[in-house]
Amino acid sequence: MGDFARSADPAVQAELNLLSNLSPAGDRLGLDRIDRLLDRLGRPQDQLPPVFHVAGTNGKGSACAFLRAALEAAGHSVHAFTSPHLVRFNERIRIAGRLIEDGELAALLGEVREASEGIEPSFFEATTAVAILAFARTPADACILEVGLGGRLDATNIVERPLVTAIASLGLDHQQFLGRRMIDIAAEKAGIAKQQVPLVTQLYPEPIAACIGAIARQVGALWLPRGGAWDAIVRQDKLHYRDEAGELALPVPRLPGRHQALNAALAVAMLRHQTAVKVPPAALGAAMGWADWPARLQKLGPGPLTGLLPAGGELWVDGGHNPSAARLVADYVRHHWLDGRPLHLLFASLTSKDAAGTLKPFAGAADVVHALPIVGHECRDPAGLAAMARSMGFKAERRESIGQALAAIRGPARVLAFGSLYLAGEALAANGTIPD
């Protein structure tokens, strides 16, 4: 099944399955196929409202969530394309503020599939075309596109004149596609830069910043790095932001973690460095509390899974799946969760990920590791994961399911599902906590 796409609607699922068979080579980067496909569909990418285009290793989805919250708080209607989904494929496509409906999705999937004959687009390319086609046919004030993989050759980079581009935090991930060195990954992300379009970025080590700056100059983009054109810091329970237009003291985001404050600041900087879509400071402040991005240090409420926990227990999920994301989450754990309750880590990893590097930051913070499979995915064997965790000094057990792991916990504890967005989605679905 392409990209592990799931839908409870039989017509949507049938179309997703057909699309997944279009590309025998699986995931491939390049703009030729998406360009030819969209040409056949009438070049809908030229009919989009102003586009905010966001790349990055970690944080790009959260930045998109803050963007959408601020734009909607200002009264604007907003399209958004993000990936992957957690429970239902529909989560990827939000049309003027609402998740795409099943009937509409099935029809668009079929239309794109028919137009794809002889092109063999990847699954992501085809579904990007679905989103762009949907957005072109429904009026809105703004459009948010989250890069799927890399940037330079990602299907979303088919948009030639975005309003603003941005790069969130960078780390090692998807090296088989983007290169083994951080500088290679940075260069691929910076490939979304466009002539005379603002490129808003976070603060990076000097060699990485120099690489991004050189690419921006080469294409004639307006590079706006944190620490230069704009800056932000959390101080005295406020997010203090400044740029040439002035300073703002915004509420700290509701989403937990210092990294979310920086993701929010990136969104603020994007909005403040364009003039086509007006967003007043009050809307920026409202976005700090409105923005919602599931499976990012999300505490689950009452449901079948949380009901398995002993009294006083909590179940949290985070979709982080690489070492840089793990360092941020583990830092949050150390600063906010040391209240005497043990931390049980429900851990799983795709075979393509750095499992040891992702687990290592939790050394000294997690009391027990429960090694799990990821249902329906190519994942690391739980027995091997548990052995690896024990070799790193963790107390670790192999478990067959999230439910089995939770049932084995005795006494009040915090439990964090971590290591894969797919594991996070599995937990949300099992608890009945469906993203909307």
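The model is predicted, so local features need pLDDT of at least 70 and side-chain atom pairs count only at pLDDT 80 or more, while totals for chains, interfaces and linings use all residues. Residues are numbered from 1 along each chain as its sequence is written, and side-chain values use heavy atoms, with hydrogens and water left out.

**Helix H11.** Helices (H or I, at least four residues) and strands (E, at least two) are DSSP runs, numbered from the N terminus. Helix H11 covers residues 323-336, which is 14 residues, and spans 20 Å from its first C-alpha to its last. This is close to the 20 Å expected at 1.5 Å a residue, where the expected span is 1.5 Å times one less than the number of residues. Its buried residues include Pro323, Val329 and Tyr332. The buried residues of H11 pack (contact: heavy atoms within 4.5 Å) against strand E14, helix H12 and strand E17.

**Accessibility.** Buried means under 20% relative accessible area, exposed over 50%, and partly exposed in between (1.4 Å probe, protein chains only).

| Residue | Relative accessible area | Class |
|---|---|---|
| Cysteine 64 | 5% | buried |
| Cysteine 379 | 21% | partly exposed |
| Serine 401 | 31% | partly exposed |

**Cysteines.** A search of the whole structure finds 0 disulfides (pairs of cysteine sulfur atoms within 2.5 Å). For cysteine 64, the nearest cysteine sulfur belongs to cysteine 143 and is 10.0 Å away.

**Serine 401.** Serine 401 lies in the loop between strand E16 and helix H14. A polar atom of the serine 401 side chain is 3.0 Å from the backbone nitrogen of glutamine 404.

Notes
A polar contact is a pair of N or O atoms within 3.5 Å; within protein, one must be able to donate a hydrogen and the other to accept it, and residues adjacent in sequence count only if both atoms are side-chain atoms.
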